[in-house]
Amino acid sequence: MTTTEKTVAIATASLAIGLLVLGLKTWAWWLTGSVALYSDALESIVNVVTAIVALVAVRLAQRPADAALQYGYHKAEYFSAVVVGVMIIVAAILILREAVLGFLNPELPEAALPGLLISMGATAINVVWALVLIREGRKARSPALEADGKHLLTDVISTIGVLVGLVLVYATGIAQLDAVLAALVALNILWSGWGVIRDSVGGLMDVAVPPDTQKTIREVIAANADGAIEAHDIRTRTAGKLTFIDFHLVVPGAMSVELAHTICDQIEGKLRQAVEDAQITIHVEPENKAKHSGIVVL
């Protein structure tokens, strides 16, 4: 199975698991009537929606470049992650509304043990799957899968807080604690949504690769540009799993086009070995264009 096929398969499985967990959490809420468990189930609806968005984005991002989008569809995953973030924030607002109503009209939840056990089972499924999504999303360099996994981990943390809190509700008999728990879940979800949107906007705005990757790129260029004078104006960005690298390579004015092209081929080959899925553009310039900055080779 190729990386592309595996990514699509994981996104599809994520949707199926999201539906299963939603069913379990809805069942737990139906048994107990707990506002906190209702908020937990509502967040699972968001998980299902985000899984659908991630699946569509992952499939779209695999499409090859065409006449309309000549650089490909890789940024589709960043758009999906923004949608995920917005959906998370909407869910948090709805949960806050229910929390306020529950605080004003408090009722002790019912069927404590069955509801808690069902919710614990759903949480265990989410823990395992969240770790799978984050691991595979990073391996495939898929922002959509990784965002989905991070959101699931947030869901897990929320649910654990809800379960611990519900035990306190039953132990103390203070019904308002149920609504307070729901409000805390909502605040946690809001923070998660902001994080997803922030990271996705960075991708849409062509943020440079991390400093360690930039260092690797500069070292590879310096080590494989024999015959050139310097390399300057090095720029990088990422789009999905692709890393775009472009820079100006200054060569002696008397150097033949063929030799300059050979140097470029050597640099490109080594960069592709060092940086996965690199897309490289090198602008060759004569020595009078040297800026005496960047990477000085000679």
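A nonpolar core here is a set of buried Ala, Val, Leu, Ile, Met, Phe, Trp, Tyr and Cys residues joined through side-chain atoms within 4.5 Å; buried means under 20% relative accessible area, exposed over 50%, partly exposed in between (1.4 Å probe, protein chains only). You're looking at a predicted model, where local features need pLDDT of at least 70, side-chain atom pairs count only at pLDDT 80 or more, and totals for chains, interfaces and linings use all residues. Numbering runs from 1 along each chain as its sequence is written, and side-chain values use heavy atoms, with hydrogens and water left out.

**Stop one: the largest core.** Select Ile-88, Ile-95, Val-162, Leu-166, Ile-189 and Val-196, the residues with the most contacts inside the largest nonpolar core, a set of 26. Now colour α2 (35-61), α3 (76-104), α4 (112-139), α5 (143-172) and α6 (176-204), the elements giving it two or more residues each. The largest share, seven residues, belongs to α3. Helices are DSSP runs (H or I, at least four residues), numbered from the N terminus.

**Stop two: the other core.** A second, separate core has 22 residues, including Ile-217, Ala-225, Ala-228 and Ala-260. Zoom in on Ile-217, which sits in helix α7 (residues 211-223). Is Ile-217 buried or exposed? At 1% relative accessibility, Ile-217 counts as buried. Leaving out residues up to four places away in sequence, Ile-217 touches Val-209, Ile-234, Thr-236, Ile-245, Leu-271 and Val-275, where touching means heavy atoms within 4.5 Å. Draw a C-alpha to C-alpha distance from Ile-217 to Arg-272: 9.9 Å in space, for 55 residues in sequence.

**Stop three: a glutamate.** Next, pick Glu-268 in helix α8 (residues 257-274). Glu-268 is buried, at 18% relative accessible area, and its contacts beyond four places in sequence are Ile-280 and Ile-282.

**Stop four: annotated spans.** The unreviewed UniProt entry annotates residues 7-30, 36-58, 78-96, 111-132, 152-173 and 179-197 as "transmembrane region"; such annotations may be inferred rather than shown by experiment, and positions use the numbering here, with feature names shortened. Select 78-96: this span is 100% helix and 0% strand, with its end C-alpha atoms 27 Å apart. For 152-173, the figures are 95% helix, 0% strand and 30 Å.
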